[in-house]
Amino acid sequence: MKRSILSIVLVCVGLALSGCAREVRTETGGSSISGAYDNPATWLKAAKAHEAQGDLQRALYEYRLAKTVGLSDRIVHKHLRRVESKIEQRITTLNRQAERAETRGHERAARNHYLEILALQPDNNEALEALRKLDRSAALRGTKHAQELAGRARYGSRKKQLRKSEQNEGYADSRQAILDGAKPPNDIGRLLQELERHQRKYPKDNTLRQHLIETSLVQAEQAYKAKQWDDALYYLNLAEQAGKGTGAYGKSVSKARKDYARKLYDQGVITYRTEPRSALNYWNYALRFDPDDDKSRLRIRSMSAQ
């Protein structure tokens, strides 16, 4: 009943929009519906074309449309019976193929066969129930597999777990020792040697050097703001040497040096008239941060010549 009502609505809309013969492309592509929508021969021709292409479900639909718009039952009856028979035969074949696939454990192939049945006959309850059964089976298998994996992870070989634990502990200790040793006035050269040894022992640790450089730049900024300029220089030297040969953060270190030197020069200029010695100290540190700071060098020479 619902299909008949839908067919009538489709035909009425087509007549209202068309009013004359026209050609439209079907949703499936490959064939066209040519002719007036109110002419049963239009739908009969399209149905035969779809049947020839093997699209039985669409052919059945358009044979029913042909009957709806006025084709006599006698003419269309044989077409409907033929297509329905083909659909039933195809469904029988697909059911056998799906059952055979399930028996062999090929659930994906079985699922595809059941989906093809539903494409031909959307209200086929047997195919729907078979798909639900496959879904339940897959879900149970997935749960069982997950439990097995969790069990292996939890109750794996004790020897392997202990060995891995010892390796992880040694790795963590080595890494932390290097980070803890990156503090002034420690020997930067010795620290970098320890870094090289660590990376030879743990070649997959590609982040320690990067972390050391990033941390040093942050600590340099904090030390500079606290006017601990010797510490700031230490951290900049560490970042610079740790990144040497790798191209890592070279521009960041250079920029930090020049920024700190410029600020120290400006501070020296501000304090020069009232505290000349403080100004000299600022400019000396500016040169240590940036040896290319010509302005600070000239100021120092000028004061030395007085």
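Predicted model: local features only at pLDDT ≥ 70, side-chain atom pairs only at ≥ 80, totals over all residues.
**Entry 1: two loops**

I started at lysine 227, which sits in the loop between helix H9 (208–225) and helix H10 (229–242). I take helices (H or I, at least four residues) and strands (E, at least two) as DSSP runs, numbered from the N terminus. Phi of lysine 227 is near 60°, a positive value in a residue other than glycine. Is lysine 227 buried or exposed? Its relative accessibility is 58%, so lysine 227 counts as exposed. My classes are buried under 20% relative accessible area, exposed over 50% and partly exposed in between, with a 1.4 Å probe and protein chains only.

I then went to proline 185, in the loop between helix H7 (158–181) and helix H8 (188–201). The peptide bond from proline 184 to proline 185 is cis, with omega near 0°.

**Entry 2: what kind of model this is**

Residues are numbered from 1 along each chain as its sequence is written, and side-chain values use heavy atoms, with hydrogens and water left out.

I looked up the confidence next; pLDDT is the predictor's confidence in each residue, from 0 to 100. The protein averages 76, and 73% of the residues score at least 70. Over residues 1–31 pLDDT stays under 50, and the model has 45 contacts beyond four places in sequence for them. Contact here means heavy atoms within 4.5 Å.

**Entry 3: the overall tally**

I get 13 helices and two strands for the protein. Of its 306 residues, 33% are buried. Among contacts between residues at least 6 apart in sequence, 48% join residues at least 24 apart.

**Entry 4: helix H8**

I checked the length of H8: its 14 residues should span 20 Å at 1.5 Å a residue, and the end C-alpha atoms are 20 Å apart, which agrees. The expected span is 1.5 Å times one less than the number of residues. Buried in H8 are Ile188, Leu191, Leu192, Leu195, His198 and Gln199. Seen down the axis, these buried residues fall within an arc of 115°, so they line one face of H8. I take the arc from the directions from the helix axis to the C-beta atoms. The face turned away from the buried side carries the exposed residues Arg190, Arg200 and Lys201.

**Entry 5: helix H11**

H11 has 22 residues and reaches 32 Å from its first C-alpha to its last, close to the 32 Å expected. Its buried residues are Val253, Ala256, Arg257, Tyr260, Ala261, Leu264, Tyr265, Gly268 and Thr271. They cover an arc of only 165° around the axis, which puts them on the same side of H11. On the other side, Lys251, Lys255 and Ile270 are exposed. What do the buried residues of H11 pack against? They pack against H9, H10, H12 and H13.

**Entry 6: aromatic rings**

My search of the whole structure found eight aromatic pairs. Rings of Phe, Tyr and Trp (its six-membered ring) pair if their centres lie within 6.5 Å; planes under 30 degrees apart count as stacked, over 60 as edge-to-face and the rest as tilted. Tyrosine 265 and tryptophan 283 form a tilted pair, 6.3 Å centre to centre with 35° between the planes. This pair links distant parts of the chain, with tyrosine 265 in helix H11 (residues 250–271) and tryptophan 283 in helix H12 (residues 276–289), 18 residues apart. Both are buried.

Serine 296, in helix H13 (residues 294–305), touches Tyr265, Trp283, Ala286 and Leu287, not counting residues up to four places away in sequence. Serine 296 counts as buried because its relative accessibility is 0%. I also noted one aromatic cluster formed by Tyr224, Tyr260 and Phe289.

**Entry 7: nonpolar cores**

I define a nonpolar core as a set of buried Ala, Val, Leu, Ile, Met, Phe, Trp, Tyr and Cys residues joined through side-chain atoms within 4.5 Å. The largest has 32 residues, and those with the most contacts inside it include Leu236, Leu264 and Phe289. H7, H8, H9, H10, H11 and H12 each give two or more residues to this core. H10 gives the most, with nine residues. Apart from this core lies another, of 21 residues, among them Val76, Ile91, Ala101 and Tyr114.
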